[in-house]
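Visitor: I would like to learn how to read a structure of this kind feature by feature. Could you take me through a few of them, giving the general idea before the particular case?

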Amino acid sequence: PREVREVFEPQATKIISSLRFPDRILGIETSREGVPLPPDYTPVEPGTILTDISNPEQWRAYSGSSGIGALQAFYLREIPIHNWDLEEYVPFPGSPDIAFARFQLRRDDRKITLGLMPYDSSEQVTSSSPANIVLKMI
């Protein structure tokens with residue numbers, strides 16, 4: 001209500017302006033190739049996430065339960081910190097033709113495609129749905 005706005009607004013502004021966000025998460029693990037991995041993601045066989053790959057030696061996969069929206073924010077922050085160039089980013093949700101988020105990474109002469117593969121027990125997959133991570137070495 002307008003009656004409490006004069007009291008509430010300055011206090012809320014003070015609290016919001018005092019918030020500080022870290023520019024980096026300390027202790028981030030990386031894949032063998034140096035790609036950052038979010039906390040609580042563990043390696044799995046790529047075929048458990050992607051059943052149609054013909055060359056599993058070129059793939060890495062990690063399973064976890066963070067939302068795909070949070071994972072996209074994680075990678076947009078961590079990719080440049082870990083000295084990777086982001087050549088392409090296709091967000092999820094985005095293109096109706098792609099049911100996952102995709103990042104094209106480059107470091108020196110190494111290229112990697114990173115995919116965030118949402119999964120959910122319900123029929124509706126959203127930006128808060130959990131996602132697994134797949135890496136393809138190019």
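Guide: Let us begin with a single side-chain contact, keeping in mind that this is a predicted model. The side chains of S31 and E33 are joined by a polar contact of 3.0 Å, and S31 itself sits in the loop between strand 1 (29-30) and strand 2 (36-37).

Visitor: Is S31 buried or exposed?

Guide: S31 counts as buried, because its relative accessibility is 6% and the cut-off for buried is under 20%.

Visitor: Which residues does S31 touch, leaving aside those up to four places away in sequence?

Guide: With those sequence neighbours set aside, S31 touches L37, Y62 and L135.

Visitor: Let us turn to the sheet. What is the order of the strands in the open sheet, and in which sense do they pair?

Guide: The general idea is that strands of a sheet pair through backbone hydrogen bonds, either parallel or antiparallel. Here the open sheet has six strands in the order 3-4-8-7-6-5, and the pairing is antiparallel. Strand 3 (42-44) and strand 5 stand at the edges with a single partner strand each, so one side of each has no neighbour in the sheet. On average, and with direction ignored, neighbouring strands of this sheet are turned by 25 degrees against each other.

Visitor: Where does helix 2 pack, and which strands does it touch?

Guide: Helix 2 (residues 68-81) packs on the sheet, where it touches strand 5, strand 6, strand 7 and strand 8, and its direction makes about 15 degrees with that of strand 6.

Visitor: How many bridges connect strand 6 with strand 7, and how many connect strand 5 with strand 6?

Guide: Strand 6 and strand 7 (residues 110-118) pair in the antiparallel sense over seven bridges, and A101 has L116 in strand 7 as its bridge partner. Strand 5 (residues 85-90) and strand 6 (residues 101-107) pair, also antiparallel, over five bridges, with Q104 in strand 6 as the bridge partner of E88.

Visitor: What does D108 do in the hairpin of strand 6 and strand 7?

Guide: That hairpin has two residues between its strands, and D108 takes a positive phi near 55 degrees there.

Visitor: Finally, how should I read the aromatic rings, and how many aromatic pairs are there?

Guide: A pair of aromatic rings is described by the distance of the centres and the angle of the planes. The count comes to three aromatic pairs. In one of them, the rings of Y75 and F103 have centres 5.9 Å apart and planes at 50 degrees, so the pair is tilted. Because Y75 lies in helix 2 and F103 in strand 6, this pair ties together parts that are 28 residues apart in sequence. Both Y75 and F103 are buried. Y89 and F103 form a stacked aromatic pair, with 4.7 Å from centre to centre and 25 degrees between the planes. Since Y89 belongs to strand 5 and F103 to strand 6, that pair ties together parts 14 residues apart in sequence.

Visitor: What is the relative accessible area of Y89, and what is the relative accessibility of F103?

Guide: Y89 is partly exposed, with a relative accessible area of 29%, whereas F103 counts as buried at 0% relative accessibility. Taken together, F74, Y75, Y89 and F103 form one aromatic cluster.

Terms used
Residues are numbered from 1 along each chain as its sequence is written. This is a predicted model: local features need pLDDT of at least 70, side-chain atom pairs count only at pLDDT 80 or more; totals for chains, interfaces and linings use all residues. Side-chain values use heavy atoms; hydrogens and water are left out. Two strands pair if DSSP finds at least two bridges between them. Helices (H or I, at least four residues) and strands (E, at least two) are DSSP runs, numbered from the N terminus. Buried means under 20% relative accessible area, exposed over 50%, partly exposed in between (1.4 Å probe, protein chains only). A polar contact is a pair of N or O atoms within 3.5 Å; within protein, one must be able to donate a hydrogen and the other to accept it, and residues adjacent in sequence count only if both atoms are side-chain atoms. Contact means heavy atoms within 4.5 Å. Axes are lines fitted to C-alpha atoms, for helices over the stretch in contact, and angles run from 0 to 180 degrees between N-to-C directions. Rings of Phe, Tyr and Trp (its six-membered ring) pair if their centres lie within 6.5 Å; planes under 30 degrees apart count as stacked, over 60 as edge-to-face and the rest as tilted.
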